[in-house]
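Subject: Structure handover

Hello,

Here is the structure you asked to look at.

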Amino acid sequence: MSKVKVLPCSGIGKVLGLLARESVLMVTQDKCPDQTETLCLAQLVTGDDDVINRIKGQACITMDGCPKQCALKSVEAAGGQVAKSYKVADFMRAHRGEDHGTATALTEDGWNYAEELADKMVEMVNELRGEV
Ligand code: SF4
């Protein structure tokens, strides 16, 4: 089975974008490096043939920083099969009032939240691979 593609949005300038990116890197580099990989969203948007071919028809998970859902829309436009799309804010209710950091650096609370987001994605990866 091909690796599940896990893509964050490219949100710059807000902690929500950093949370999206760091949580995806936790999945693809630390938690499930043999089952997942990430791709550069900008290459999808600019129509890079190699990246488009790698994602077309493949199972994908997206993590977006805000309701504009740029990762979800870009993956769908490139022909990826989005099995699950998340937004950072989807799980924020239990974390209201916490300081997650800035656009460039997460706090301890921010890293903990990123890990929770990563674990949600890992659950979906395992489900997609029939490992639950
Ligand atoms: S989803 Fe929101 S935060 Fe992410 S790139 Fe799009 S506009 Fe920026």
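The notes below go from the overall fold to the sheet and then to the ligand.

Please keep in mind that this is a predicted model.

Overall fold

The protein contains five helices and four strands. Read from the N terminus, the order of these elements is β-α-β-α-α-β-α-β-α. The radius of gyration is 14 Å, close to the 14 Å that the globule rule gives for 132 residues, so the protein is as compact as a globular protein of that length. Along the principal axes, its C-alpha atoms fill a box of roughly 40 × 35 × 20 Å.

The sheet

In general, strands of a sheet pair through backbone hydrogen bonds, and the pairing is either parallel or antiparallel. Here the four strands make an open sheet with parallel pairing, and their order across the sheet is 2-1-3-4. Which strands stand at the edges? They are strand 2 (36–37) and strand 4 (81–87). Each has a single partner strand, so one side of each is left without a neighbour in the sheet.

Strand 1 (residues 4–8) and strand 3 (residues 59–64) run parallel and are joined by four bridges.

The ligand and its pocket

Where is the ligand? It takes up the space of the largest pocket, which has a volume of about 200 Å³. The lining of this pocket consists of 13 residues. Those nearest the pocket centre are Cys 9, Gly 11, Ile 12, Gly 65 and Cys 66. Sorted by class, the lining has five nonpolar, five polar and three charged residues.

The ligand itself is surrounded by Cys 9, Ser 10 and Gly 11, together with Asp 64, Gly 65, Cys 66, Lys 68, Gln 69 and Cys 70. How many of the residues in this shell are nonpolar, polar and charged? The shell divides into three nonpolar, four polar and two charged residues.

Regards

Key: Residues numbered from 1 in each chain as written. Predicted model: local features only at pLDDT ≥ 70, side-chain atom pairs only at ≥ 80, totals over all residues. Heavy atoms only, no water. Near = heavy atom within 4 Å. 1 Å grid on protein atoms, 1.4 Å probe; cavity = no way out; pocket = protein on both sides within 12 Å on 5 of 7 lines; lining within 4 Å. Sits in = over half its atoms within 2 Å of the grid points. Nonpolar A, V, L, I, M, F, W, Y, C, P; charged D, E, K, R; others polar. Points joined across faces, edges and corners; volume = space filled by probe spheres on them. Pairing = 2+ DSSP bridges. Helix = DSSP H or I, 4+ residues; strand = E, 2+ residues; numbered from the N terminus. Rg over C-alpha atoms; globule rule 2.2 N^0.38 Å.
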